[in-house]
Amino acid sequence: MTVPVVPSSSPPTASTPSWITDAAALTARLAARPQRIGLDTEFIRERTYWPQLALVQIVLEGSDGAEILLVDPLAPGIADALAPILTDPAILKVMHSPSEDLVAFKRACGVVPKPLFDTQLAAALVGIGSGLGYQKLVEQVTGVALAKGETRSDWLRRPLSPAQLEYAADDVRHLFEMHDALDGQLALLGRREWLVEDATRTVLNAENEATERWPHLSMRSAQFLDRDAQRLLVRLLRWRDVYARESDRPRNWILDNELAVAIARKAPPDPEALKAQLDAHPKAPRKLAEAIWQALNSPLVDEAEIPDASVGERRDKNRLRQLQEAVAARSAELGLPDGVLASKRWLEALLDQGDWPDALTGWRRAALEPSVAPLLLAQD
């Protein structure tokens, strides 16, 4: 089922955005406290672990239309001026696929925007499509085709070019139209609470900045390691994540996956053997040899709970297929795109652990349990 979306009659947004570099001026522009704002960011994450906030785009509603602010977060005091409106519980933040934007705000402003309305998620929940990009969704909802020319710009440079500023403004210009149309469809389908639940989880993930507890499970090569090697791999990957965060460098710049698996598979008996392994690898972090050795030989408090990555090789493929078929049938009944109700990875976790993973709690479990529970009971 495809749910038609009709463009709303919201006032048109301003065609000329305002460039804001003064914190007092920003505070004055935000003093009215509207019921909602449209929000987006531009950030750079090529050479860092954390996204570097480079530009904030805000669209505000006014009596004579909407106004677009292009805010320079590199200017003094801007981050502090942004924080109050980002956390005001009375102001809805309309954003598109905002997971990384939320992290960028957390690092720059110390807060995560909430409450949240994610237009990409809303489009999935009303049956339009899963994972739709902003330009594609704008075109479907409003009929406007947006330019794509500045997607790889250097947003940290100053001054920004007119083309960059126009591209940035377009990223918020149609958020209110999309919110009106999508929220109306969610209301008709009785799915507003679904969006609230998923958006709340997105915000919590950004606030907690939690690392993956069992990072080896997402690495196919880990399935071919014995239990001792998997234990060492988890030690290395957790150390790598902590080091990457503290040094603000990409994980693979610290220790790439291939080398981490090789070290775990052939555990070095002493520091010299480890150095020999690093010397044999062209991009090895030789300067971190001592830290890697310490990580290898520092037991984790929860090592006894490390799940076996090789369980995927032994998984009942027929039972997984039955679960997927049940999910597909239920998704068709609800008019949901593939992967929205339950991804393959979530079903694998459900099958392997026997417990409903966090991603399948709430409305998803309520929608799935009647058809999935008999299959799980049959397994037992």
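This is a predicted model: local features need pLDDT of at least 70, side-chain atom pairs count only at pLDDT 80 or more; totals for chains, interfaces and linings use all residues.
Y134, L137, V138, V141 and T142 in helix 5 touch L175, E177, M178, A181 and L182 in helix 7, where contact means heavy atoms within 4.5 Å. By class, that contact has 8 nonpolar, 1 polar and 1 charged residues. Here is how the two helices sit:

| Item | Value |
|---|---|
| Helix 5 and helix 7, packing angle | about 65° |
| Helix 5 and helix 7, axis separation | 10 Å |

The axes are lines fitted to C-alpha atoms over the stretch in contact, with angles running from 0 to 180 degrees between N-to-C directions.

Residues are numbered from 1 along each chain as its sequence is written, and side-chain values use heavy atoms, leaving out hydrogens and water.

Now for the cores, meaning sets of buried Ala, Val, Leu, Ile, Met, Phe, Trp, Tyr and Cys residues joined through side-chain atoms within 4.5 Å. The largest has 62 residues, and L26, I58, L233, I263 and I292 have the most contacts inside it. A second, separate core of 56 residues includes V126, Y134, L186 and L195.

Then there's D118, in strand 6 (residues 116–118). D118 is buried at 9% relative accessible area; the cut-off for buried is under 20%, using a 1.4 Å probe and protein chains only. Beyond neighbours within four places in sequence, D118 contacts M95, H96, S97, P98 and L195. Its side chain also reaches the backbone nitrogen of Q120 at 2.9 Å.

Notes:
Helices (H or I, at least four residues) and strands (E, at least two) are DSSP runs, numbered from the N terminus. Ala, Val, Leu, Ile, Met, Phe, Trp, Tyr, Cys and Pro count as nonpolar, Asp, Glu, Lys and Arg as charged, and the others, Gly among them, as polar. Buried means under 20% relative accessible area, exposed over 50%, partly exposed in between (1.4 Å probe, protein chains only). A polar contact is a pair of N or O atoms within 3.5 Å; within protein, one must be able to donate a hydrogen and the other to accept it, and residues adjacent in sequence count only if both atoms are side-chain atoms.
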